[in-house]
Amino acid sequence: MCGIFGCVLKEENAAPLIHSSLKRLEYRGYDSVGIATIADGKIYLKKDQGKIDDVHRALNLDDLPGNIGIGHTRWATHGAPLKVNAHPHSDCTGEIMVVHNGIIENFMELRSELQNLDHTFVSKTDTEVIPHLIEQTLKQNPQLSFVAAVQESLKRLEGSYALAAISTKEPDKIVCARNESPLVLGVNGSGVFCASDIPAFLPVTNKAVMINNGELVVLSPKGYEIRKIQDGSLVSREPETIEWTAEMAVKQGYPHFMIKEIHEQPETLRNTLRMQEHYLDLLTTFLDRASEVFLVACGTSYHACLAASYMFSKLAFLPTYPVYASEFIEQHGKSVNIDSTILAVSQSGETADTLAAVTCAQQRAATILGLTNVIGSTLTRISRVYIGTQAGPEIGVAATKTFTSQLSVLAQLALRLAKKRGKISQDEIDLLEQQLCQLPVTVDTIVRTQEEKVRQIAEKFKDREVFFFLGRGISTATAFEGRLKLMEIAYIPSIAFPAGESKHGPISLVKEGFPVVFACPRDDCHKTLIGNIMEMKARGAHVIAIIEEGDEDIKSLVDDYVEVPRGIASVLSPIPFVVPLQLLAYYTALGKGLDPDMPRNLAKSVTVK
Ligand code: AGP
C-alpha cells in the first residue's frame, strides 16, 4: 500500500503540487519518496529513503522543472526501504519512469526473461520490471507509440497495480492504469491529476473520475482519455463532485481509521495471497528443520501466535510454544539454544519486549524468523528470514487488518509445512487453500451483512461493567483477541479463557444478565461448546454468540447472535470470526463517546519494555 500521484499542468511547475499531494497520501506509506518530471524532452528525478519532510529538507522536492510529473510515497513490501528501492523506477536508458502501488506477482519470471535480454536491474522491487517491459516492447515494436507500448506491457503483468508512467518518447503525456489497486483522476481548469486516493488532489479540485479495473488512462494537456487495456476501446466517464473535507478524505469518508481498516480486510487478505513463494518456502524449511519452535509476540500479535500453534499442530503435526514476549527471557532465556527456532510476530516490528526476547535467543544461537507488517523495521533486520503481511500502514492503535493478515500468512505456512511433511491429504490441502482464497469475500460478506446488527448489540451492552469472551480450541485465540479489543478501546474490563475453564472458577462471577460472548465455529468443539453455553445460561448470563450461518442449535440457545458465512475450516475460523468482535469493540467505544483511534494510555508501537 503506497501512494502514487501524477499531474499534467497547463502552466505551473508540477513538482510542488506532486510534493504536497504525496504529503496528503503519506498515511499510505512513508518508507521513501520520489518525484520525476519532464521538461524540454528530458526527465528530472529526485528520490530517497525516509519520510517526505526529511527527504524534502535534504533534496528540495519542489525544485524540479516541468509541468508534467509523477511521484510516489512508499510502503515497502518487496525490497527494503532503501533509496535503491524507492520509486520512480526507470528502464535501462532512464527515458521511461514508473511509479506503482500494488504487487506484481509474476515479477520474478518477467525479471529473468528481461535479464536474458540484457536488461540491467538495480533494485529488489517487483515494480522495476514494468519500465523494462515497456522498453523491451518498444525495442521489439519501434512503430508503437509509448501509450500502445504501455498497454501491451500491462497485458503481461499479473497481480495488482495502480501505476503511472512517463517517457521522453511522448513528453506531454502520463499513462496510468489500474488493476485492483485504487486509482482516481482529478480535473480542474489548471490541469489533470491521477492519484491513489482523493485526498491527494482534494485541496485543488473536488471533481473526480473513478478508474475501474482493467482501464488505462492517458493524461495530456487536452485532458484525460480512458481506454480498456484489453482492446484499447474508449470509455467515456464524466467527473463526479466529492463532498469531503480533507480530514474526511484521509479516512476515505470513514469516521475513524479503525473502522476504515476493518473494512479494508477483504483487500488486505487478498494481498496476503500474493506472498513471495520464495520466502514462504524458506520459512517453511526452517520450521520443518526446527527441533523446537517458539512463537513469540505481544498483544494482538501474541493472539495470532496462539492461533498459529493450533494450525501448526493440527495441519503439520508440529508442536509450537506460543510465548508472551515479555515473559520469554524469564521463561525460556536459560534453555533456548542453537536448536531452537523463534518465529517472532510483530505488526510494527519495533515492540521492545519482542525485540528483547529475540535478541536473547539470538545471543544463544537460536534461529530467528520474523513476520511483520513493516519491512525495514528492526525485526526484519535481526531476522534470519522474514516475511511481510502486506497490510499497508495501520493507523488505528487497535490492530485489526494486521491481525487477520498475520493469521492468513501463518495458515499458509502451516499448510506448506503440512504439504512438505505429507501429514494431511492433498484433497484437504486443496480444500483449505480454496477456503483461504475465499476469505476476502467471506469477510466482505460479514462486514456488509452483520455490521448493523453488531452495532445494535454494542448499543445494548455499552454500559456493562464486565464481559466474558469464550471459545474452545483455536477459537480461544479469537476470544482472547475479542477481549483485548473491547478492553483497549472501550475500556470495559473483560476476561477471556478457554470455555472449558469456566467451571474451574470464572463462572462464579456470572449472574443475571452477565454478558458472555462465545466464538462458535461448527468444528469438533461445537458440541462441547453448546454445553458451556448452557452452563452460562443456567446462571442467567446474557449470551452473545458468533455463529456460522444457519446454526440453529446455537441460535435457539443464545440471546444475541451474529452470523458468518458457513463452511470455513476450524483452523481458518479466527479470521472471519474475529471481525464481528472488532466491530463490537468499535461500536461500543463509539457508543460511549470514546475515540476508537486514540485509546488512552496506549501507543501503536510499544518501544519501551
Ligand atoms: C493491539 O490492538 C495493540 N495495539 C497491542 O496489543 C499490540 O498488538 C502489541 O503492542 C504488539 O504490537 P506489535 O504487533 O507491533 O508488536
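Glu277, Leu280, Asp281, Leu283, Thr284, Thr285, Leu287 and Asp288, from helix α9, sit against Val409, Gln412, Leu413, Arg416, Leu417, Lys420 and Arg421 from helix α14. That is where I'd like to start today, everyone. Sorted by type, the residues of this contact come out as six nonpolar, three polar and six charged. Before I go on, please keep in mind that this is a predicted model.

So how do these helices sit against each other? Two packed helices are described by the angle between their axes and by the distance between those axes. Here α9 covers residues 277-289 and α14 covers residues 401-421, the angle is about 65 degrees, and the axes are 9 Å apart. The crossing of α9 past α14 is right-handed.

Arginine 416 and aspartate 281 form a salt bridge through their side chains, at 2.6 Å from N to O. Because arginine 416 belongs to helix α14 and aspartate 281 to helix α9, the pair ties together parts 135 residues apart in sequence.

How many salt bridges does the count come to? The total is 29. One of them joins arginine 274 to glutamate 105, with the closest N and O atoms 2.5 Å apart. Where do the two partners lie? Arginine 274 is in the loop between α8 (265-272) and α9, while glutamate 105 is in the loop between β6 (96-104) and α3 (107-115), so to speak distant parts of the chain, 169 residues apart.

Another salt bridge pairs the side chains of aspartate 172 and lysine 173, with 3.6 Å from N to O. Aspartate 172 has a relative accessible area of 33%, which makes it partly exposed.

Threonine 400 is placed in the loop between β20 (385-388) and α14. Its relative accessibility is 0%, so threonine 400 counts as buried. Which residues does threonine 400 contact, leaving aside neighbours within four places in sequence? They are Met258, Glu261, Ile262, Gln265, Glu394 and Gln582.

On to a helix with a buried side. In α11, residues 325-332, the buried residues are Ala325, Phe328 and His332. Why do they line one face of the helix? Viewed down the axis of α11, these buried residues fall within an arc of 35 degrees, so they share one face.

Next, two residues from one loop. Serine 573 and proline 565 are each found in the loop between β25 (560-564) and α19 (574-591). Serine 573 is buried, with a relative accessible area of 0%. Beyond its neighbours within four places in sequence, serine 573 contacts Ile474, Ser475, Pro521 and Ile568. From serine 573 to proline 521 is 52 residues in sequence, and 6.7 Å in space between the C-alpha atoms.

Proline 565 is buried too, at a relative accessible area of 16%; the cut-off for buried is under 20%. Not counting residues up to four places away in sequence, proline 565 touches Thr442, Thr445, Ile446, Glu548 and Glu549. Proline 565 and valine 443 are 122 residues apart in sequence, with their C-alpha atoms 8.6 Å apart.

Last, some backbone geometry for those of you who like torsions. The peptide bond joining histidine 87 and proline 88 is cis, with omega about 0 degrees. Proline 88 lies in the loop between β4 (68-73) and β5 (89-90).

Aspartate 40 is not a glycine, yet its phi is positive, about 50 degrees. It is placed in the loop between β2 (32-39) and β3 (42-49), and at 77% relative accessibility aspartate 40 counts as exposed. Phenylalanine 317, also not a glycine, has a positive phi of about 55 degrees. Phenylalanine 317 is in the loop between α10 (299-316) and β17, and its relative accessible area of 48% makes it partly exposed.

Conventions: Residues numbered from 1 in each chain as written. Predicted model: local features only at pLDDT ≥ 70, side-chain atom pairs only at ≥ 80, totals over all residues. Heavy atoms only, no water. Axes fitted to C-alpha atoms, helices over the stretch in contact; angles between N-to-C directions. Helix = DSSP H or I, 4+ residues; strand = E, 2+ residues; numbered from the N terminus. Left-handed = near helix turned anticlockwise from the far one by under 90°. Contact = heavy atoms within 4.5 Å. Nonpolar A, V, L, I, M, F, W, Y, C, P; charged D, E, K, R; others polar. Buried < 20%, exposed > 50% of the residue type's maximum accessible area, 1.4 Å probe, protein only. Arc of directions from axis to C-beta. Salt bridge = Lys/Arg side-chain N within 4 Å of Asp/Glu carboxyl O.
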